[in-house]
Amino acid sequence: MPETTPNPARAHDTDSAAFSGAFGFGLSPGHVARSRGAVAAGRTLRITVFGSSTTEGIGASAPIHSFPQVMRASLVASGIAPVSLANHGVGGNNARDLHARLGDVIAGEPDLVLFQTGSNDPLQEVPASEFARLTRADLLTLRAHTGADLVLVDQQLCRMLEECEAFPPYLTALHEAGAATGVPVFPRYQMMQGWSMTPGMDRDRLSPDGLHMGDAGYRLLGEALAGWLRLALLHPDAPATA
């Protein structure tokens, strides 16, 4: 579990080092027991990505450069194969829209669901309390109806969210939803803060249009997600679930 819940005031700080241990769950092998079972049995690992425009890949120069495709390619290259990928990203979706589309994810019978949410809600003025309620409910519904391993992906670092005064509570609410349901959170926001401080990279190169990520950002995100998952999927000591 995370050591703390993200602090919305610190979430807009530019010092990424200040966030060490403050965002997200560490991902343990137990969080991906079903996926580990698929890998151990040599059957296709069925991954579904569910979210809005950055899951769909808006901003990428081609679909192959979206973060889900980069993540899948990286997993396969590391020896986790075969891997199937179902992309249920739809640009502009908020928590209400995702809730309405939950049946599509359930029907796919995934082993692992990456649930990206929370970027459009502050921009579209969905109340933070409603966002929190729907996100928690959807995580519980996915768990009950699919038995899939679940991972939340939090919001991106970008100009439009940085300039949105309403944004910080949505970042906090997403992490609180993960804590309340036992779902690990991949801390994209924190990771992007770190990437933006590396030589030759900044926030606006990661998110060239001010909202969506570009090829460079998607590549970093896909590779980071694959590495995060791979450590848990291939851990030698933990049990797997068929």
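The expected span of a helix is taken as 1.5 Å times one less than its number of residues, and helices (H or I, at least four residues) and strands (E, at least two) are DSSP runs numbered from the N terminus. By this rule the 19 residues of helix α12 (residues 215-233) should span 27 Å, and the end C-alpha atoms of the helix are 26 Å apart, which agrees. The structure is a predicted model, in which local features need pLDDT of at least 70 and side-chain atom pairs count only at pLDDT 80 or more, whereas totals for chains, interfaces and linings use all residues. Residues are numbered from 1 along each chain as its sequence is written, and side-chain values use heavy atoms, with hydrogens and water left out.

Strands of a sheet pair through backbone hydrogen bonds, either parallel or antiparallel. In this model an open sheet of five strands is found, with the order β2-β1-β3-β4-β5 and parallel pairing, where two strands are said to pair if DSSP finds at least two bridges between them. Strands β2 (83-89) and β5 (185-186) stand at the edges with a single partner strand each, so that one side of each is left without a neighbour in the sheet. The parallel pairing of β1 (residues 45-51) with β2 extends over seven bridges, and within this pair Gly 51 stands opposite Gly 89 of β2. Helix α1 (residues 33-41) packs on the sheet and touches β1, β3 (112-116) and β4 (149-153), its direction making about 145° with that of β1. Helix α7 (residues 128-146) also packs on the sheet, where α7 touches β3 and β4 and its direction makes about 155° with that of β4. Contact here means heavy atoms within 4.5 Å, and the axes are lines fitted to C-alpha atoms, for helices over the stretch in contact, with angles running from 0 to 180 degrees between N-to-C directions.

The peptide bond from Ala 81 to Pro 82 is cis, with omega near -5°, and Pro 82 is found in the loop between α3 (67-77) and β2. Glu 109, in the loop between α5 (102-107) and β3, has a positive phi of about 50° although it is not a glycine. Glu 125, which is placed in the loop between α6 (120-124) and α7, likewise is not a glycine and has a positive phi, of about 60°. Residues are classed as buried under 20% relative accessible area, exposed over 50% and partly exposed in between (1.4 Å probe, protein chains only). Glu 109 counts as exposed at 51% relative accessibility, and Glu 125 counts as exposed at 70%.

The loop between α5 and β3 also holds Asp 111, which is buried, with a relative accessible area of 0%. The side chain of Asp 111 is joined to that of Arg 34 by a polar contact of 3.2 Å and to that of Arg 43 by a polar contact of 3.1 Å. A polar contact is a pair of N or O atoms within 3.5 Å; within protein, one atom must be able to donate a hydrogen and the other to accept it, and residues adjacent in sequence count only if both atoms are side-chain atoms. Not counting residues up to four places away in sequence, the residues touched by Asp 111 include Ser 35, Ala 38, Ala 148 and Asp 149.

In soluble globular proteins, nonpolar side chains tend to be buried together. A nonpolar core is defined as a set of buried Ala, Val, Leu, Ile, Met, Phe, Trp, Tyr and Cys residues joined through side-chain atoms within 4.5 Å. Of the 41 residues in the largest such core, Ile 47, Met 71, Leu 114, Phe 186, Leu 225 and Leu 229 touch the most other members. The elements giving two or more residues to this core are β1, α3, β3, β4, α10 and α12, and the largest share, 11 residues, comes from α12. Apart from this core lies another, of 21 residues, among them Val 113, Phe 115, Leu 152 and Ala 177.

Helix α12 has 14 of its 19 residues buried, so that α12 is largely enclosed by the rest of the structure. Ala 226, found in this helix, is buried with a relative accessible area of 0%. Leaving aside neighbours within four places in sequence, Ala 226 is in contact with Met 71, Ser 74 and Leu 75.
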